[in-house]
Amino acid sequence: MRRLRDAWLYLTVVPAVSLAVLLLAGFALRANVQVERSRQQSVFDATWSVASERVDRLDKMIIAQDNAVAASVDVTQLAALAARWLPTASRETPTVRAVMVVDLGHASSEVRAYVAPTPGPDEESFRRLVIQKLLPLMQLHSPPEEQLRHLHRTVSGRSYLLSYWQRMDGDRPLLVVVWHDISRLVHEVMPQLYRELDKNSRMNVIDARGRVLFGPAIRASGPLVSLPFPTTLYDWRLQVALTSAEGLEEKARRQRLVTLGMVGLAAVVVLAATIALVRAAREERRLAALKGDFVANVSHELKTPLASVRMFGEMLLTGRVANDDKRREYLKIIVGESERLTSLIDNVLDFAKVERGKDAYDFGEGDLLEVARRAVDNLRYRAERQGVILGLEGTHGPCVLDERAIELAAMNLIDNALKYARGTKVIRVAVEPLADGAKLVVSDEGPGIDEDDRARIFDRFVRGREAQAQRTRGSGIGLALVKHIAESHGGPVRLTTRTTPPTGSTFEVRLPARPPRWRPPRA
Ligand code: ADP
């Protein structure tokens, strides 16, 4: 029944607690991952909005220049173009290198006007490039659409940005081309535009092949947003990484590890505590049951000799005794039974003292042989009645000991031999000197002790299976007391036992010359 309850405890409580811990761990991790994801999302959003604001800035700035040029270009008065545009060119359109008007109605697309604030040697080659290579790439409509468009191309390793729109001059379709100075855009405009931007981000501009044109190379450990310029420099991309987001990934990984570690630790602690609790509860129940048995055993042991004392006392009192021999025999029984009562009560009282722990022993220098002799003498009468030879051998064994306690231990061992080795002829008590102290040996030729019992019989209240089956009187505290006494003297109790012939048990109590807790009294 008890086993069943223990099994139930293990099978339900431990798995339930483990499951709860696992669920908790799962929830904690999931929450952690969700928080992490939303943090990453918000970092990405913030980076994205910074990047899109920056590409727009440059786009708007270029388009504003295009519009300024458009306001100066009157296709009906192309001769006045230079006069109208150039005075404001350096202020309003600083990155425009030249404005060119091409007659699309002409078979070989004749250039009708070309105005540049600072004419340079590459004018001719630019004209040729536009007519031969770039015109075919432009989105031209017929009838012409006046919409502003951009062409961003790399030709022979050189990058070109052209803004263009179509106009009609009477019935002639014209194309206005604005040539932007890419080098100025990169080296003057971009630094100017992006200079005052916050210090919380790193940005650069890369071309279609990933080469950095402006800004530093970015090796971002957080999210990196890369956006093309929407309408103007659409072959290039602007990249932004928030410095505040750097290391986020690593931080998140560490956070996850910490959470896992904490949950793991909590799980181990909770599981260990649960197992310890279940064990403690089981041990407590076992002890309670043993105590119950102990009380029943002691009561029974008290009752039996008391009943004999009373019975023989009454017989003597009423004079129903045949002769003097009988009377002496009855008196001897009464004395014997009272001695048994006394030793039982002594045992219980000493056990209680030992259990309380404090000042249980009174050490002093003594002779182990002398103490053993007293124990043997106390039990000699009982041994004789059982027809057992109780022999004592050995030499003077001086050691430090509590004489009363060692006598009690010896009596318990001899009493056990008398109880459990019934029917055998000899019980041997010996005191043998050791290099450092002496040892007390009690051996019998009884049935020996089962292997299963050997480890437990020194525990308090525990009785051997055979002893219980045979209903041998006992309380289960004798050997616990012997063990406690021996260990308090600094030595162990050794048991050697055989259950196959030649059977028998030998108990050895070793007493060192000086027990560890004993201090010699001051002179
Ligand atoms: P008790 O004798 O009151 O049962 P003890 O603590 O003295 O309690 O002994 C515990 C158990 O050890 C006994 O119940 C018995 O089974 C076993 N035992 C002790 N001494 C011997 C012995 N000499 N021979 C066989 N069994 C023994």
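Predicted model: local features only at pLDDT ≥ 70, side-chain atom pairs only at ≥ 80, totals over all residues.
Residues are numbered from 1 along each chain as its sequence is written, and side-chain values use heavy atoms, without hydrogens and water.

**View 1. F312 and Y330 form a tilted aromatic pair.** Rings of Phe, Tyr and Trp (its six-membered ring) pair if their centres lie within 6.5 Å; planes under 30 degrees apart are stacked, over 60 edge-to-face, the rest tilted. Here the centres are 4.9 Å apart and the planes at 45 degrees. F312 belongs to helix α5 (residues 248-318) and Y330 to helix α6 (residues 324-356), so the pair ties together parts 18 residues apart in sequence. Helices are DSSP runs of H or I with at least four residues, and strands are E runs of at least two, numbered from the N terminus. Y330 is buried, at 12%.

**View 2. Y194 and F214 form a tilted pair.** Their ring centres are 6.1 Å apart, with 40 degrees between the planes. Y194 is buried at 7% relative accessible area, and F214 is buried at 16%.

**View 3. Strands β1 (residues 96-103) and β2 (residues 110-115) pair in the antiparallel sense.** Pairing requires at least two DSSP bridges; this pair has five. M100 stands opposite Y114 in β2.

Technical notes
Buried < 20%, exposed > 50% of the residue type's maximum accessible area, 1.4 Å probe, protein only.
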